[in-house]
Amino acid sequence: MPGNSNYNNLISSTLDKFMKEKITSQIIGNNALLRILQSKGKIVHEVGGKNFVENVAYASNSTVQFQDATELLDTTPQEEFTSAVFSQKMLTATDSITEKEILQNSGDARIFNLLEGKRQVTLDSLKNTLGSAIYGDGTGSAGKSIGGLQLLVADDPTTGTVGGIDRSTNNFWRNQVYDFSSSTSPSVPASATNILAGMNKLYLACQVQEGAFPDLILADDDYFTYFETATQQIQRITNTEQGKIGFSNLAYKTSTVVYDPNCPDKHMYFLNTDYLKFQHLNNPLFTKGDTQRVINQLAYITPIYLYGNLTINSARVHGVMKD
């Protein structure tokens, strides 16, 4: 009968298998940014702590100098680093099945198939929610969402606070921007005719550190189409792994250009993923809680959750293009 431990065990064990085989791999595989971060070891499991902390180099070493053999060395104490502190955000889902559904699908095989279907819906919902949040500004869900690219690589990097550092007073913590409405004279919107000129400018602007090139460019459908049209005769899918999982991607210098439907309208993000992480407390990325019978309902629930956030340790190496 429903309500006994056999159903708890069946529900829990099938979800264990589902999570091991599908949830983390499919959610990461469904997002170009997360997939590249994983390939570079930039999805990082942190053990403990109240926040995620990044060390940020904000000044050069002033003791570097040319000198004569008998001159004194410059031993001025240096303060070159500060810390950016990012909150640990929580993404949750509840996997549930009612006793009526169990009765209607009597037999372990039919229940298993029902659970698989329900869990695919949960998986798709997690994909969509996290995929959208990665482009957010951190204000979603009343500020409980992760800080996405609209926060970390902002349209206006001269305002706001990121990781506890005020961008209005700290130039080193500002990303690069190419705005077609102000960068062209006379002002003209982005198009297939001028997209490459804008990309060339922004790409160079992001090279503020020697050898630090953007390696991933994320675009909405308009900007991706402009770029594709501008390079129609020479375009190539350059990353076979990205191509296998269905991402539309092309090459631009050292970068892979990827179309992402979650990218904000008329935006293109130039990212150096060496300076970007997705940090999390869970291990694995998503954790399954205990399956429980709801006290005041004829149902079983299993919580699934993630504690994590996107973090950066340099802002100047990233850029955004917009109209």
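Biologist: Which residue is the bridge partner of valine 177 in E16?

Modeller: Happy to start there, and please keep in mind that this is a predicted model. Strand E7 is joined to strand E16, residues 319-322, by four bridges, and the two run parallel. Within E16, the partner of valine 177 is valine 320.

Biologist: What is the order of the six strands in the open sheet?

Modeller: The pairing in this sheet is mixed, and the twist from one strand to the next averages 20°. The six strands are arranged in the order E7-E16-E11-E8-E10-E9.

Biologist: Which strands stand at the edges of the sheet?

Modeller: Look for strands that have a single partner strand, so that one side is left without a neighbour in the sheet. The strands that stand there are E7 (176-179) and E9 (249-252).

Biologist: About what angle does the direction of H2 make with that of E8?

Modeller: Helix H2 packs on the sheet, where it touches strand E8 (216-219), strand E10 (255-259) and strand E11 (267-271). Helix H9 (residues 221-230) packs on the sheet too, and its direction makes about 60° with that of E9. For H2 and E8, the angle is about 165°.

Biologist: Which element gives the largest share of the lining of the largest pocket?

Modeller: About 200 Å³ of space lies in this pocket, and 13 residues line it, with Leu91, Thr129, Ala133, Ser145 and Ile146 nearest its centre. The elements giving two or more residues to the lining are strand E4 (89-98), helix H4 (108-133) and strand E15 (299-312). The largest share is four residues, and it comes from H4.

Biologist: To step back, what percentage of the chain's residues count as buried?

Modeller: The chain's secondary structure comes to ten helices and 16 strands. Among contacts between residues at least 6 apart in sequence, 74% join residues at least 24 apart. Of the chain's 323 residues, the share that counts as buried is 44%.

Definitions and conventions. Residues numbered from 1 in each chain as written. Predicted model: local features only at pLDDT ≥ 70, side-chain atom pairs only at ≥ 80, totals over all residues. Heavy atoms only, no water. Pairing = 2+ DSSP bridges. Axes fitted to C-alpha atoms, helices over the stretch in contact; angles between N-to-C directions. Contact = heavy atoms within 4.5 Å. 1 Å grid on protein atoms, 1.4 Å probe; cavity = no way out; pocket = protein on both sides within 12 Å on 5 of 7 lines; lining within 4 Å. Points joined across faces, edges and corners; volume = space filled by probe spheres on them. Buried < 20%, exposed > 50% of the residue type's maximum accessible area, 1.4 Å probe, protein only.
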